[in-house]
Amino acid sequence: MDDLDNRLILALRRDGRAALQTLAADLGVTRATVKARLDRLQAGGEIAGFTVLTRADVAPHPVRGLMMLEVTGRGADKVSRQLRALPAVARVHSTNGTWDLIAEIGTASLESFDAVLSAIRRIDGVTRSETSLLLSTRA
């Protein structure tokens, strides 16, 4: 694979339904060149197929999880307000049982998800937590 092949694949990742003429114009080559490259990349197995991305696939927060929190005393309201102030926290739920609050968290990467978890654990009144990453959503 050369630079043109890589640029072609990048263009197809942005829009897998782009017309050959559009790809050719974007890449600065002829339509015949794009067609020949696509055929060669498919025949050689570099392009294994084309797929559809749904809205959920390109969600702004690909890393999502639930963080269950134990809060000391009657501090749940205060902790809940602080949680809602964090941009990565989509929702805060009160619950019964072992955990006092559940925070729904969404970030762009595992690193930023980890940073949010650390920030939440430092909130005064949070005594214990458990986090579960959401791997897939089943209808």
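Is Ala119 buried, partly exposed or exposed? In this predicted model, Ala119 belongs to helix H5, which spans residues 110–121. Its relative accessible area is 25%, so Ala119 counts as partly exposed, given that buried residues fall under 20% and exposed ones over 50%. Leu86 lies 33 residues away from Ala119 along the chain, and the C-alpha atoms of the two are separated by 9.2 Å.

We can turn next to the sheet. Four strands form an open sheet in the order E2-E3-E1-E4, with antiparallel pairing. Strands E2 (89–94) and E4 (126–133) each have a single partner strand and stand at the edges, so one side of each is left without a neighbour in the sheet. On average, neighbouring strands are turned by 20 degrees against each other, direction ignored. Strand E1, residues 63–71, pairs with E4 in the antiparallel sense over 7 bridges, and Met67 has Thr131 of E4 as its bridge partner. Helix H4 (residues 76–84) packs on this sheet, where it touches E1, E2, E3 (101–107) and E4. The direction of H4 makes about 10 degrees with that of E3.

The nonpolar cores complete the picture. The largest contains 18 residues, of which Leu83, Ile105 and Ile120 touch the most other members. Two or more residues of this core come from each of E1, H4, E2, E3 and H5. Beyond its neighbours within four places in sequence, Ile105 is in contact with residues including Val63, Met67, Val89, Phe113, Leu117 and Ile120. A second, separate core has 14 residues, among them Leu4, Ala11, Leu12 and Leu38.

Methods:
Residues are numbered from 1 along each chain as its sequence is written. This is a predicted model: local features need pLDDT of at least 70, side-chain atom pairs count only at pLDDT 80 or more; totals for chains, interfaces and linings use all residues. Side-chain values use heavy atoms; hydrogens and water are left out. Two strands pair if DSSP finds at least two bridges between them. Axes are lines fitted to C-alpha atoms, for helices over the stretch in contact, and angles run from 0 to 180 degrees between N-to-C directions. Contact means heavy atoms within 4.5 Å. Buried means under 20% relative accessible area, exposed over 50%, partly exposed in between (1.4 Å probe, protein chains only). A nonpolar core is a set of buried Ala, Val, Leu, Ile, Met, Phe, Trp, Tyr and Cys residues joined through side-chain atoms within 4.5 Å.
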